[in-house]
Amino acid sequence: MTTFIFIMSPEATSAQQTRMMSELEERFPQHDFLLGDVRFAGYERNILALLDDTGATPPNPKDVTEVIDFFRAAVDWIEDWKPS
């Protein structure tokens, strides 16, 4: 299991952030996801795999690529999505 942190644009609503979290958790239940703070300049609309210092196995590069690719594809339509 890998933990990812994602940051959406500052304009993203709470509902859009929740939607992204739900989409990620549904598609990749084997991983954990955290919502980052948009005040980290330069990281908006990005997702990163976190490494820990406990000696755990590094993330599988194929898994990381799949999550990043999905996030990049989904962030545009989720930020355009409006809850009904």
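Predicted model: local features only at pLDDT ≥ 70, side-chain atom pairs only at ≥ 80, totals over all residues.

Biologist: Is glycine 42 buried or exposed?

Modeller: Glycine 42 counts as exposed, because its relative accessibility is 63% and the cut-off for exposed is over 50%.

Biologist: What else sits in the loop between strand 2 and strand 3?

Modeller: Arginine 45 is found there. Its phi is positive, about 60°, although it is not a glycine. Most residues other than glycine have a negative phi.

Biologist: How accessible is arginine 45?

Modeller: Arginine 45 has a relative accessible area of 34%, so it's partly exposed.

Biologist: OK, over to helix 2. What span should its 20 residues give?

Modeller: Helix 2 covers residues 61-80, and at 1.5 Å a residue those should span 28 Å. The C-alpha atoms at its ends are 29 Å apart, which agrees.

Biologist: Where does helix 2 bend?

Modeller: At alanine 74, by about 35°.

Biologist: And what caps the N-terminal end of helix 2?

Modeller: Asparagine 60 does. One of its side-chain oxygens lies 2.7 Å from the backbone nitrogen of lysine 62.

Biologist: Which residues of helix 2 are buried?

Modeller: The buried set is Val64, Val67, Ile68, Phe70, Phe71, Ala74, Val75, Ile78 and Glu79. Alanine 74, where the helix bends, is among those buried residues.

Biologist: What do the buried residues of helix 2 pack against?

Modeller: Strand 1 (3-7), helix 1 (14-27), strand 2 and strand 3.

Biologist: Let's take the helix pair. At what angle do helix 1 and helix 2 pack?

Modeller: About 145°, and their axes are 10 Å apart. The crossing of the two is right-handed. On the helix 1 side, the contact is made by Gln16, Arg19, Met20, Glu23, Leu24 and Arg27. On the helix 2 side, the residues include Val67, Phe70, Phe71, Ala74 and Ile78.

Biologist: Let me zoom in on isoleucine 78, then. Why does it count as buried?

Modeller: Because its relative accessible area is 0%, and buried means under 20%. Leaving aside neighbours within four places in sequence, isoleucine 78 is in contact with Met8, Gln16, Arg19, Met20 and Glu23. With methionine 20, the C-alpha separation is 6.8 Å, across 58 residues of sequence.

Biologist: What about isoleucine 68, buried or exposed?

Modeller: Isoleucine 68, also in helix 2, counts as buried at 19% relative accessibility.

Biologist: Now helix 1. What does glutamine 17 touch?

Modeller: Phe6, Met8, Ala12 and Leu35, not counting residues up to four places away in sequence. Glutamine 17 sits in helix 1 and is buried, with a relative accessible area of 18%.

Biologist: Leu35 came up there. Where is leucine 35?

Modeller: Leucine 35 is in strand 2. Its relative accessible area is 40%, so it is partly exposed.

Biologist: And which residues is leucine 35 in contact with?

Modeller: Setting aside neighbours within four places in sequence, they are Ile5, Phe6, Gln17 and Met21. For isoleucine 5, the C-alpha separation from leucine 35 is 5.7 Å, although 30 residues of chain lie between their positions.

Biologist: Last stop, histidine 31. Where is it placed?

Modeller: In the loop between helix 1 and strand 2.

Biologist: Buried or exposed?

Modeller: Histidine 31 is buried, with a relative accessible area of 5%.

Biologist: So what is histidine 31 in contact with?

Modeller: Met1, Thr2, Phe4, Asp63 and Val67, leaving aside neighbours within four places in sequence. Val67 is one of the buried residues of helix 2, and it also takes part in the contact between helix 1 and helix 2.

Biologist: Which side chain does histidine 31 join in a polar contact?

Modeller: That of glutamine 30, at 3.5 Å.

Methods:
Residues numbered from 1 in each chain as written. Heavy atoms only, no water. Buried < 20%, exposed > 50% of the residue type's maximum accessible area, 1.4 Å probe, protein only. Helix = DSSP H or I, 4+ residues; strand = E, 2+ residues; numbered from the N terminus. Expected span 1.5 Å × (residues − 1). Bend = angle between axes of the 7 residues up to and from the residue. Contact = heavy atoms within 4.5 Å. Polar contact = N/O pair within 3.5 Å; in protein donor to acceptor, adjacent residues only side chain to side chain. Axes fitted to C-alpha atoms, helices over the stretch in contact; angles between N-to-C directions. Left-handed = near helix turned anticlockwise from the far one by under 90°.
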